Amino acid sequence: MSYKEKYQEWLESPIFDEATKDELRALSGNEKEIEDRFYTELEFGTAGLRGVIGAGTNRMNPYIVRKATQGLANFLNRQALTNPKVAIAYDSRHFSDVFAKEAALVLAANNITAYLYDYLRPVPMLSFAVRYLKCDAGIVVTASHNPPEYNGYKVYGNDGAQVIAPYDQMIIEEVNAITDFNAIKTMSEEEALSSGKLVMIGKEVSQAYIEEVKKQVLNPEIIKEVADDFKIVYTPIHGTGNKPVRRILDEVGFKNVYVVKEQEEPDGAFPTVQSPNPENKEAFNLAIDLAKEVGADIVMGTDPDADRVGILVRDHEGEYAVLTGNMLGAMLTEYILSQKSKQGTLEKNSVVIKTIVTTEMVRPICDAYGVDVMEVLTGFKYIGEQIRLFEEHHNRSYAFGFEESYGCLAGTYARDKDAVVACMLAAEMAAYYKTKGMTLYDGLIELYEKYGYYKEAVQSITLKGIEGLEKIKNVMENLRKESPESFGEYKVLCTRDYKQGVGDLPKSNVLYYALNDGAWVCVRPSGTEPKIKFYIGIKGTSEEDACRKVEVIKEAVNVLIAPWIK
Ligand SMILES: O=P(O)(O)OC[C@H]1O[C@H](O)[C@H](O)[C@@H](O)[C@@H]1O
C-alpha cells in the first residue's frame with residue numbers, strides 16, 4: 001500500500017476515532033507531512049519504538065501502541081507459556097499513562113496478565129519488576145530524553161533487559177503481520193481488573209527495589225561522616241526520578257538534598273529546558289543557580305525515564321563543570337573496584353562491561369585491579385545480556401557496566417541502566433573524596449595523572465526525514481567505498497567494519513578506525529534519533545594536550561563529511 005492509500009484508509013476506516021480523523025483531515029494538501037506520517041511504520045531501533053506523537057503509521061498513537069502490543073501478545077502466546085505475565089511502566093511524557101494502559105488492556109484481552117505501575121516509574125524499576133514478578137516480558141512507555149513531541153515503547157525480555165536479536169525481529173514480524181486493526185483485541189479497564197488480568201503493581205515492589213539499590217553502598221560510614229555539611233542539588237527534569245532518587249538519598253543518610261523546585265513536578269512539556277537531556281548542560285541552568293546559592297558539593301540530574309544521570313562538580317575555578325558519561329563511568333569504575341578490593345569483596349572473575357564507543361580509560365583502571373574488560377555493541381541491552389550469560393554459565397562476576405551516553409548499572413538487580421543507583425554512588429563517591437579534602441573534580445584529575453588524560457567527544461549530525469535517512473546512508477556507504485587513511489595528524493592503523501562481524505559481536509552498521517597513539521574514531525547511525533554519530537577518543541599527556549588532540553580529530557571529521565551532508 002502506498003502512503004496515500006494508507007492515509008485514505010485511516011480517514012475512512014471506522015476503526016479510527018473522530019479526533020484522529022480530524023487531525024489527519026487537517027493535513028490535506030500537505031503532501032510532505034502525509035508522506036512522512038505514512039511512508040513507513042515505526043520500527044524497533046536500538047531502543048524499541050520511538051516516534052513523534054500523532055496520527056499515522058509512522059507516529060506514536062494508541063493504534064500503533066495497540067498494534068505493537070498485539071504483536072508482542074502473539075509472540076508470547078505462540079510460546080505456549082503457562083499464565084504469561086508482562087510488567088508495564090511509563091514516564092512523565094504526554095500520553096505515556098494512556099499508552100501504558102492501552103498496552104495493558106490489549107495484553108489482558110489476549111489472556112496475558114498485565115502488571116501495571118500505578119504511578120510514573122523509572123526504567124530500572126521496570127527492569128527490576130520483570131524479574132521480581134517473574135514476568136515473561138516488560139514494557140516501558142518512554143522516549144527517554146527526546147524532545148516533548150516524542151514518545152516511545154521499549155520491550156523487555158524475561159531477564160529484565162531490553163529485547164535483543166532474534167527476539168526483537170520475531171516481535172517485529174508479529175507486529176508487521178497484523179495488517180488489519182480489527183485483529184487487535186482489547187477490553188475495558190473494569191473487565192480487565194475484575195478478571196484479574198490487569199493488576200496494579202503495589203508498594204512492595206518499589207520497596208524491594210530500593211532495598212536492592214541500597215545494597216550497592218560501599219562505605220555507609222563515610223556518608224554518615226559528611227552528612228551534616230555535604231550538599232546535593234538534584235533535578236528530575238520533570239521526569240520519573242524525583243521520588244526514587246530522593247528516597248534513596250534520604251535512606252542512605254544524605255541530609256542536605258536540594259531539589260530544583262521548577263523541575264520537580266512531572267511534566268511532559270518539559271517547560272524549563274530545551275531538551276530534557278542530561279547530556280546538555282543547558283538542562284542544568286536552574287540546578288546550577290541553586291547549587292551556587294546553597295554551595296552544593298555535587299549537582300545531579302536524571303532524564304525523564306531516570307535511566308541516565310548527568311553530574312556536575314565544582315572545578316578549580318569554582319564553576320560547575322560537567323562530568324561526561326565517560327568521566328563518571330571511569331570514576332565509578334575506579335571507586336567500585338578500589339573499594340571492593342580494599343574490603344576484600346572484589347570477586348575473582350570480575351568483569352567491567354563497556355560499549356565499543358565508551359572510553360578506553362577503563363582498561364588501565366581494570367588492569368590495576370586485575371579485572372577484565374568486556375566490550376559490547378552500543379545499547380545497554382547488550383550489557384544486560386552479558387549479565388544473564390554470566391549467571392547462566394556461572395563463570396564471571398559483573399562488577400560494573402556503563403556507556404558513554406550517561407547510563408550505568410552497579411549490581412544485577414536490574415538489567416538496564418539505573419540513574420537511581422548512579423545518583424547514590426556518585427554522591428557517595430563525592431562524599432568519599434570530601435573526607436580526603438578533595439572534590440570530585442580533584443578526584444578526576446588524580447585519575448588522569450595516574451592513568452593518562454583520556455578524552456572523548458561525540459560529533460552528532462542531525463539529518464531529519466527521508467532525505468536525512470538517505471544522507472546518513474550515503475555517509476556510511478562513502479566511508480566504506482573510500483576508507484579514510486588519516487584523521488588530521490592521526491594515521492588510520494586499522495579499520496573494523498562491524499557490519500562484516502567483529503569477534504562474537506552481532507553484525508551492526510558501525511565503522512571503527514583505530515589510530516596511532518591509542519586514538520580512535522567510530523561512526524554509527526543513531527538508533528533512536530535521526531542522527532549520524534562520530535565518536536572520538538584520544539589519550540593525552542595533559543588537559544591541554546588532550547583537548548587539542550580531540551579538536552584536531554573533530555576538525556578532520558567535519559572536513560571529511562562536509563560534502564556528503566550538504
Ligand atoms: O542509538 P543512539 O541514539 O546512539 O542511542 C543509544 C542508546 O539507545 C538507548 O537509549 C539505549 O537504551 C542506550 O543503552 C543506548 O546507549
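Trainee: Which backbone atom of Phe 380 lies 2.7 Å from an oxygen atom of the ligand?

Mentor: A polar contact is a pair of N or O atoms within 3.5 Å; within protein, one must be able to donate a hydrogen and the other to accept it, and residues adjacent in sequence count only if both atoms are side-chain atoms. Here a backbone N or O atom of Phe 380 is 2.7 Å from a ligand oxygen atom. Gly 527 also has a backbone N or O atom placed 2.6 Å from an oxygen atom of the ligand. The side chain of Glu 403 has an N or O atom 2.5 Å from a ligand oxygen atom. The protein buries 95% of the 390 Å² that the ligand exposes when taken alone, with areas from the Shrake-Rupley method and a 1.4 Å probe.

Trainee: What limits apply to such values in this model?

Mentor: The model is predicted, so local features need pLDDT of at least 70 and side-chain atom pairs count only at pLDDT 80 or more, while totals for chains, interfaces and linings use all residues. Residues are numbered from 1 along each chain as its sequence is written, and side-chain values use heavy atoms, with hydrogens and water left out.

Trainee: How many residues surround the ligand?

Mentor: A residue is near a molecule if one of its heavy atoms lies within 4 Å of it. The ligand is surrounded by 15 residues, and the closest are Glu 403, Lys 417, Ser 526, Gly 527 and Thr 528. By class, the shell has three nonpolar, eight polar and four charged residues, with Gly counted as polar.

Trainee: Which domain does UniProt list for residues 509–544?

Mentor: An unreviewed UniProt entry gives "domain: Alpha-D-phosphohexomutase C-terminal" for residues 509–544; such annotations may be inferred rather than shown by experiment. That span is 6% helix and 58% strand, and its end C-alpha atoms are 33 Å apart. Helices (H or I, at least four residues) and strands (E, at least two) are DSSP runs.

Trainee: Is Ala 80 buried or exposed?

Mentor: Buried means under 20% relative accessible area, exposed over 50%, and partly exposed in between (1.4 Å probe, protein chains only). Ala 80 counts as exposed because its relative accessibility is 68%. Phe 95, at 44%, counts as partly exposed.
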